[in-house]
Amino acid sequence: MRQIVLDTETTGLEPSQGHRIIEIGCVEIVNRRISNTHFQRYMNPGREIDAALATAGIPKQQVDGLRVTDTRTLEVVVAVLAGAINTR
(Lines give C-alpha, C1' and ligand atoms only; values in the text may rest on other atoms or scores of the structure.)
Protein backbone atom coordinates (compact mmCIF):
# COMPACT_ATOMS: atom_id res chain seq x y z
CA MET A 1 0.00 0.00 0.00
CA ARG A 2 1.27 3.47 -0.90
CA GLN A 3 0.45 6.45 1.28
CA ILE A 4 1.54 10.08 1.27
CA VAL A 5 1.82 12.15 4.44
CA LEU A 6 1.28 15.81 3.57
CA ASP A 7 2.02 18.72 5.91
CA THR A 8 1.64 22.45 5.48
CA GLU A 9 2.48 25.54 7.49
CA THR A 10 0.42 28.65 6.88
CA THR A 11 0.28 32.29 7.89
CA GLY A 12 -3.09 31.60 9.52
CA LEU A 13 -6.28 29.61 9.17
CA GLU A 14 -8.51 31.90 7.11
CA PRO A 15 -7.88 32.12 3.34
CA SER A 16 -10.62 34.76 3.20
CA GLN A 17 -8.34 36.97 5.34
CA GLY A 18 -5.43 36.49 2.96
CA HIS A 19 -3.68 33.69 4.83
CA ARG A 20 -1.49 31.53 2.60
CA ILE A 21 0.72 28.43 2.63
CA ILE A 22 4.30 29.18 3.62
CA GLU A 23 5.73 25.65 3.69
CA ILE A 24 4.65 22.37 2.18
CA GLY A 25 6.14 18.95 2.62
CA CYS A 26 5.29 15.33 1.92
CA VAL A 27 6.74 11.91 2.61
CA GLU A 28 5.88 8.66 0.84
CA ILE A 29 5.17 5.53 2.87
CA VAL A 30 5.12 2.16 1.08
CA ASN A 31 3.97 -0.91 2.99
CA ARG A 32 4.27 1.01 6.28
CA ARG A 33 7.89 2.00 5.62
CA ILE A 34 9.15 5.48 4.77
CA SER A 35 10.57 5.46 1.24
CA ASN A 36 13.20 7.76 -0.26
CA THR A 37 10.49 9.87 -1.91
CA HIS A 38 10.02 13.11 -0.04
CA PHE A 39 9.61 16.81 -0.77
CA GLN A 40 9.82 20.03 1.24
CA ARG A 41 9.65 23.62 0.06
CA TYR A 42 9.22 27.07 1.58
CA MET A 43 6.91 29.45 -0.26
CA ASN A 44 6.58 33.22 -0.19
CA PRO A 45 3.02 33.94 1.00
CA GLY A 46 3.02 37.43 -0.51
CA ARG A 47 2.06 38.98 2.83
CA GLU A 48 3.59 39.87 6.15
CA ILE A 49 4.59 36.93 8.32
CA ASP A 50 3.05 37.49 11.71
CA ALA A 51 3.73 36.05 15.16
CA ALA A 52 1.86 32.83 14.32
CA LEU A 53 4.86 31.72 12.24
CA ALA A 54 7.16 32.03 15.21
CA THR A 55 5.37 28.92 16.50
CA ALA A 56 6.37 27.02 13.35
CA GLY A 57 9.95 28.30 13.64
CA ILE A 58 10.09 29.66 10.10
CA PRO A 59 12.03 32.95 9.97
CA LYS A 60 10.95 35.65 7.54
CA GLN A 61 14.39 35.49 5.91
CA GLN A 62 13.62 31.91 4.83
CA VAL A 63 10.94 33.09 2.38
CA ASP A 64 12.27 36.52 1.40
CA GLY A 65 13.27 36.51 -2.24
CA LEU A 66 11.12 33.52 -3.19
CA ARG A 67 8.48 34.00 -5.86
CA VAL A 68 4.96 34.49 -4.56
CA THR A 69 3.41 32.21 -7.19
CA ASP A 70 5.45 29.06 -7.49
CA THR A 71 3.75 26.75 -9.98
CA ARG A 72 6.82 24.47 -10.04
CA THR A 73 6.21 23.63 -6.38
CA LEU A 74 2.64 22.63 -7.17
CA GLU A 75 3.78 20.49 -10.10
CA VAL A 76 6.23 18.59 -7.87
CA VAL A 77 3.61 18.04 -5.15
CA VAL A 78 1.12 16.72 -7.72
CA ALA A 79 3.79 14.38 -9.10
CA VAL A 80 4.52 13.00 -5.61
CA LEU A 81 0.79 12.56 -4.93
CA ALA A 82 0.10 10.86 -8.28
CA GLY A 83 -1.15 7.34 -7.74
CA ALA A 84 -1.51 7.75 -3.97
CA ILE A 85 -5.21 8.60 -4.10
CA ASN A 86 -7.56 5.64 -3.92
CA THR A 87 -10.68 6.40 -5.95
CA ARG A 88 -12.58 3.21 -5.06
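Q: Quick one to start: is S35 buried or exposed?
A: S35 is buried, with a relative accessible area of 19%. Keep in mind that this is a predicted model. The cut-off for buried is under 20% relative accessible area, so S35 makes it into that class.

Q: OK, and where does S35 lie?
A: S35 is part of strand β3.

Q: Which residues is S35 in contact with, if I skip its neighbours within four places in sequence?
A: That leaves E28 and V30. With E28 there's a polar contact, side chain to side chain, at 2.5 Å.

Q: What else does the S35 side chain reach?
A: The backbone nitrogen of T37, at 3.1 Å.

Q: Let's zoom out. In what order do the strands of the sheet come?
A: The order is β1-β2-β3, in an open sheet of three strands with antiparallel pairing. β1 (2–10) and β3 (33–42) each have a single partner strand, so they stand at the edges, and one side of each has no neighbour in the sheet. From one strand to the next, the twist averages 15°.

Q: And what packs on the sheet?
A: Helix α2, residues 71–81, which touches β1, β2 and β3. The direction of α2 makes about 165° with that of β3.

Q: Back to the strands: how many bridges are there between β2 and β3?
A: Seven, with β2 (residues 21–30) and β3 paired in the antiparallel sense. Among the residue pairs, G25 stands opposite Q40, and I24 has R41 as its bridge partner.

Q: What about the turn in the β2 and β3 hairpin, how many residues sit between the strands?
A: Two residues. N31 is in that turn, and its phi is positive, about 50°.

Q: Changing topic: where is N44?
A: N44 is in the loop between β3 and α1 (52–56).

Q: Buried or exposed, that N44?
A: N44 counts as buried, because its relative accessibility is 16% and the cut-off is under 20%.

Q: So which residues does N44 touch, not counting those up to four places away in sequence?
A: V63, L66, R67 and V68.

Key
Residues are numbered from 1 along each chain as its sequence is written. This is a predicted model: local features need pLDDT of at least 70, side-chain atom pairs count only at pLDDT 80 or more; totals for chains, interfaces and linings use all residues. Side-chain values use heavy atoms; hydrogens and water are left out. Two strands pair if DSSP finds at least two bridges between them. Helices (H or I, at least four residues) and strands (E, at least two) are DSSP runs, numbered from the N terminus. Axes are lines fitted to C-alpha atoms, for helices over the stretch in contact, and angles run from 0 to 180 degrees between N-to-C directions. Contact means heavy atoms within 4.5 Å. Buried means under 20% relative accessible area, exposed over 50%, partly exposed in between (1.4 Å probe, protein chains only). A polar contact is a pair of N or O atoms within 3.5 Å; within protein, one must be able to donate a hydrogen and the other to accept it, and residues adjacent in sequence count only if both atoms are side-chain atoms.
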